[in-house]
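Please look at the chain below and follow its helices. This report covers how some of them pack.

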Amino acid sequence: MTVGSSTSRGPATSARRPWHTNTDEPPWPPTPHTKAEILAWLRDRARSFSVPPLTFFTVPEWRHDRTAALRRIRAAIDAPRLAVRSSAHDEACHPGRYRSCLDVPTDSTTVSAAIERVIASFDGNPRDQVLVQAMVGGVTSSGVAVTTDLDRGGPYVTIESDTSGHTDRVTGGTGLHRRVLVHRRGGARLVTDPRIRRVLCVVDELERWWPDRTLEVEFAENAHVIHVLQVRFVVPARRWTSRSDRTLDCALRGVEQDVVRGAEPQEGIAGTSTILGTMPDWNPAELIGVVPSPLAASILAYLVTDRVWSDARRLLGYRATQRPLVRLLVGRPYVDVRLSFNSLLPAALPDDNADPIVDAWLARLHASPALHDKIEFEVAQTAWDLDAGATLRRRYGGELSHRTVDALATHLRALTARLVTDAPTGSLARARDSIEQAAEHYRPVRAPGAARGATNHTQPRASVEPTPTMALALLADCRRYDALPFAVIARHAFIAEAMLRSAVRRGALAPGRVTAFKQTLSTVTQEFRQRLVAVRRGAVSAPAFLREFGHLRPGSFDITSARYDAWIDPARTGATLPDGTSVEEACFSLRSSERRALDRLLGEAGLGVDATGLLRYAAAAIVGRERAKFLMTRRLSDALEVLAAWAPRAELTRDAVAHVPLRELARCTRLTPVDQRSMLRRRATEANIRRVEFAQMRMAHLIRSPADVWVIESNEAQPTFVTTRSVVAPVVPLAPTSAGDTRLAGQIVCIESADPGYDWIFTEPLGGLVTCFGGANSHMGIRCTELGVPAALGVGEAVFERVARAARVELRCGEQILRPVCDTVWA
């Protein structure tokens with residue numbers, strides 16, 4: 001029987017002859033074989049890594065004489081534990097398909113059983129092999145390195161690692177772990193972590209043997225030595241695109257220069273530097289996506305992030321900035337966090353206090369990047385809540401002077417006392433009245449070719465000829481009448497959430513009581529579900545339902561995302577809801593002990609409101625924000641449909657219009673129809689080419705320095721878990737273009753980012769929800785809280801990608817656990 005074997009060899013000493021000058025063997029390895037043969041071949045040639053002792057054999061060899069195979073295992077491997085792995089002939093095409101057994105005791109019975117389990121996962125090909133290795137002990141880090149970004153084909157070395165001591169957490173897709181992407185030409189010199197540098201050395205050595213192949217390297221580390229457990233030749237996916245390295249490198253250098261310039265001190269803006277992020281503050285990643293279309297990005301800027309965001313905060317008494325909050329870097333929206341922090345300072349705060357406060361907030365975010373989507377609650381102190389003083393001392397007592405802390409406390413207390421009221425003269429009530437009055441006077445637009453259905457109970461305008469001018473006018477009205485009051489109400493909702501969280505921290509309310517309070521609020525989602533039941537009973541007609549809710553779309557700013565009135569069937573959509581679904585009157589009542597505790601804490605805070613007033617304010621802010629968001633999307637949605645109806649007249653598709661920003665649409669209104677069509681087609685084509693070129697580019701969600709442009713690190717996220725329920729269920733990934741008839745009942749739904757247009761998913765009893773972006777105060781966070789849906793929100797890109805690819809997922813909210821269930825795929 002021919003059985004391959006190899007004894008242990010560690011990294012070569014410096015006196016050893018360089019591997020690439022060995023003239024006794026071929027300079028390059030032979031044609032790639034199975035992973036067992038590759039490891040055996042590498043064992044004698046490794047310089048920067050070690051290959052554990054191993055042996056391997058084919059299935060027929062095992063069947064012919066298993067005693068000889070077991071004897072060879074004992075002779076080749078002197079270790080207390082073994083790893084028994086697959087080494088199939090087609091493993092490069094089917095990663096994870098075949099079984100591995102780890103940490104196997106060395107007695108013959110147990111080893112034989114492990115070998116049989118591995119063989120049982122094969123498909124019967126006689127060339128399949130079983131690989132037996134020494135189990136590496138004392139592991140301090142393990143993971144997988146890939147020499148190309150497999151998802152996008154870009155020029156990045158991707159390293160996913162785990163420090164739990166288990167060698168199968170990364171390969172098995174379980175748990176949360178670290179992911180680092182290093183640009184192949186500009187990143188290695190900027191890596192400071194010694195562990196990552198050692199892995200890069202291994203990758204560099206392996207690529208010298210196979211320079212034209214994409215490699216996947218599984219490794220484990222102990223005592224600062226990298227042990228290579230397997231090397232696999234990755235079969236390129238069909239979705240890979242050809243790489244234009246020169247274009248990408250040039251773009252990244254431009255981004256690096258923009259980051260350097262943007263971090264310089266700015267006149268009139270507190271803070272000596274800045275941080276850029278896709279999820280802080282207005283969270284553009286959640287609203288329009290990480291790589292939005294040019295049209296969507298320009299609409300968000302026009303409606304909110306160019307000026308309205310700052311105007312709203314100025315009206316509330318915060319510091320004025322009057323600068324765009326978001327900048328685009330290679331088509332990706334980034335919030336200037338320094339500007340955000342400036343806008344969350346009280347306007348009355350003296351300038352000499354503002355600089356150290358902003359710098360302290362930036363330093364906290366720099367040290368704890370996982371807080372980037374929670375800055376209003378975990379970094380900046382934006383309201384004087386019930387434990388604001390203790391929070392300031394705990395977070396910044398060693399960084400800010402007593403005078404600075406006292407100044408911030410004084411002005412935050414005065415600002416919060418003015419805002420926390422639901423009185424008719426308060427800014428919250430005025431903003432709610434403003435947007436409701438604008439809604440009463442709005443008549444929906446019906447453009448020929450647009451989606452059927454109007455957007456409220458009023459009669460639509462007569463059918464009109466769609467033009468870019470009409471769409472721009474709708475957006476101008478949306479900014480004036482809807483966006484500003486919505487931004488005001490949204491800030492109030494954040495203050496309300498901060499007050500409720502502080503009540504929990506101080507022990508005045510239990511977490512379950514806050515949830516119970518929120519579940520009694522009458523929101524748009526409850527009304528939506530109630531109307532669907534009414535349609536099924538015949539109490540409301542389908543056209544009436546669509547007149548009220550038909551303007552919603554899963555991507556509110558995305559012209560390619562279909563509106564409800566283009567695809568939803570109210571009678572069928574509401575079929576899974578129980579007949580008893582209704583919007584109940586709020587019935588939450590404070591217990592006497594809760595009322596006394598809240599009154600005492602509010603008195604200590606000096607806010608001039610009692611417990612009943614605080615809950616009235618919180619209810620008005622939370623309900624008001626969801627209602628304002630719903631109303632704001634009407635004009636926005638109609639504007640997009642006008643453009644969609646006009647597009648064929650300009651010989652454009654919806655997809656093409658999505659690549660044209662607002663400024664180009666405004667320019668085209670001054671051109672003749674012929675020149676208009678020519679210019680827009682050219683702009684759409686150019687923008688699409690840029691998006692394809694930049695699609696391979698990876699960008700960090702948080703850029704703290706120029707190095708983050710080239711070395712992208714995704715640390716373990718801090719998801720927000722909603723409810724304490726547990727569920728194991730199949731996964732259904734959804735996109736803005738997903739069909740509305742997708743079966744969701746009992747499934748765990750995965751959505752990258754979600755807005756009101758995704759409310760249709762709650763017409764079925766979901767098993768759970770997972771989002772890449774967002775948190776407890778996001779749209780989906782509020783929905784899941786009020787409906788009791790178990791959810792993990794804002795899990796981060798790395799975890800979201802693994803979960804969305806899984807067949808089944810375990811979500812245990814009470815224990816804050818989210819992991820794929822490997823019931824069909826083995827590590």
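In which hand of crossing does helix 10 pass helix 17? The crossing is right-handed. A crossing is right-handed if the near helix is turned clockwise from the far one by less than a right angle, and left-handed if anticlockwise.

## About the model

This is a predicted model: local features need pLDDT of at least 70, side-chain atom pairs count only at pLDDT 80 or more, and totals for chains, interfaces and linings use all residues. Residues are numbered from 1 along each chain as its sequence is written, and side-chain values use heavy atoms, without hydrogens and water.

Helices are DSSP runs (H or I, at least four residues), numbered from the N terminus.

## Helix 10 on helix 17

Helix 10 spans residues 308–316. Its axis lies 9 Å from that of helix 17, at an angle of about 55°. Axes are lines fitted to C-alpha atoms over the stretch in contact, and angles run from 0 to 180 degrees between N-to-C directions. Helix 10 is therefore oblique to helix 17. Angles under 35 degrees count as roughly parallel, over 145 as roughly antiparallel, 65 to 115 as roughly perpendicular and the rest as oblique.

Contact means heavy atoms within 4.5 Å. Helix 10 brings residues including Val308, Asp311 and Leu315. Helix 17 brings Arg479, Ala483 and His492, among others. By class, the contact has eight nonpolar, one polar and four charged residues. Ala, Val, Leu, Ile, Met, Phe, Trp, Tyr, Cys and Pro count as nonpolar, Asp, Glu, Lys and Arg as charged, and the others, Gly among them, as polar.

## The course of helix 17

Helix 17 runs over residues 468–505 and has 38 residues. From first C-alpha to last, helix 17 reaches 51 Å, close to the expected 56 Å. The expected span is 1.5 Å times one less than the number of residues.

Helix 17 bends by about 40° at Arg479. The bend is the angle between axes fitted to the seven residues ending there and the seven starting there. Arg479 also belongs to the contact with helix 10. After helix 17 comes Gly507, with a positive phi near 85°.

## Two partners of helix 24

Helix 23 (residues 592–605) packs on helix 24 at about 90°, with the axes 8 Å apart. The two are therefore roughly perpendicular. Arg595, Leu598, Asp599 and Leu602 of helix 23 meet Ala611, Thr612 and Leu614 of helix 24.

Helix 9 (residues 294–305) crosses helix 24 (residues 611–646) at roughly 140°, the axes coming within 13 Å. That makes helix 9 oblique to helix 24. Leu295, Ile299, Leu303 and Val304 meet Met632, Leu636, Leu640 and Leu643.
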